[in-house]
Amino acid sequence: MKNSRGFTGKGLLVIVVVLIIIVGFLFIYFYNQRKRNFITMAKDYITEVRVLATSDRIILPATTDDEVLITISQIEPTEKLRKSPFHEKWNLDKSYVVIRNIGTEYSPRYIYLIALEDKGGHCVSLTEEVELHRNKVSTQCSIEEHDETAAIYLD
């Protein structure tokens, strides 16, 4: 009579392969969830800037194609916005919101753009609010793009 205790080598191999596949899917799911949260935080920062603008704490751009840059450090974020979903602090030199007037002086229309980067290198290059999506989160933002945009305002 055959002893049927324990797993055979093939059975154990199948179990290990299935577990690896499940762990892989879970990793991808949680990584994508963090990216979605990153975009949600970017939108929350834009909302904070809108609140500041409506309370007259920010001077809005007046003429066509005029822009105003608000750094993340000027926003005074809530506790939940102090760190990225990747548990990193924000890189304050490369994180800002731009308000651009695409209307006229007498009929202004504002669009909001954001560039956001954490100390771990997760980032969104300067992107218009309506184009924010988890696919925009990267670990390799264009440093030159950040530097050129910030230099225009910070000099």
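At 24% relative accessibility, Glu67 counts as partly exposed, a class that lies between buried (under 20% relative accessible area) and exposed (over 50%), computed with a 1.4 Å probe on protein chains only. The structure is a predicted model, in which local features need pLDDT of at least 70 and side-chain atom pairs count only at pLDDT 80 or more, while totals for chains, interfaces and linings use all residues. Residues are numbered from 1 along each chain as its sequence is written, and side-chain values use heavy atoms, with hydrogens and water left out.

Glu67 forms a salt bridge with Arg100, their closest N and O atoms being 2.2 Å apart; the term denotes a side-chain nitrogen of Lys or Arg within 4 Å of a carboxyl oxygen of Asp or Glu. Because Glu67 lies in strand 1 and Arg100 in strand 2, the pair ties together parts that are 33 residues apart in sequence. Arg100 is partly exposed as well, at 25% relative accessibility.

These strands belong to an open sheet of four strands in the order 1-2-3-4, with antiparallel pairing. Its edge strands, each pairing on one side only, are strand 1 (67–71) and strand 4 (123–128). Strands (E, at least two residues) and helices (H or I, at least four residues) are DSSP runs numbered from the N terminus, and two strands pair if DSSP finds at least two bridges between them. From one strand to the next, the twist averages 15°. Here axes are lines fitted to C-alpha atoms, for helices over the stretch in contact, and angles run from 0 to 180 degrees between N-to-C directions.

Strand 1 is joined to strand 2 (residues 96–101) by five bridges in the antiparallel sense. Within this pairing, Tyr96 of strand 2 stands opposite Thr71. Helix 1 (residues 9–54) packs on the sheet and touches strand 1, strand 2, strand 3 (110–117) and strand 4, its direction making about 130° with that of strand 3. Contact means heavy atoms within 4.5 Å.

Ile114 has Thr127 in strand 4 as its bridge partner. The hairpin of these two strands has five residues between them, and there Gly121 takes a positive phi near 95°.

The whole structure holds two salt bridges. Besides the pair described above, the side chains of Arg50 and Glu129 meet at 2.8 Å, N to O. Arg50 lies in helix 1 and Glu129 in the loop between strand 4 and helix 3 (143–154), so this pair ties together parts that are 79 residues apart in sequence. Arg50 is partly exposed, with a relative accessible area of 32%.
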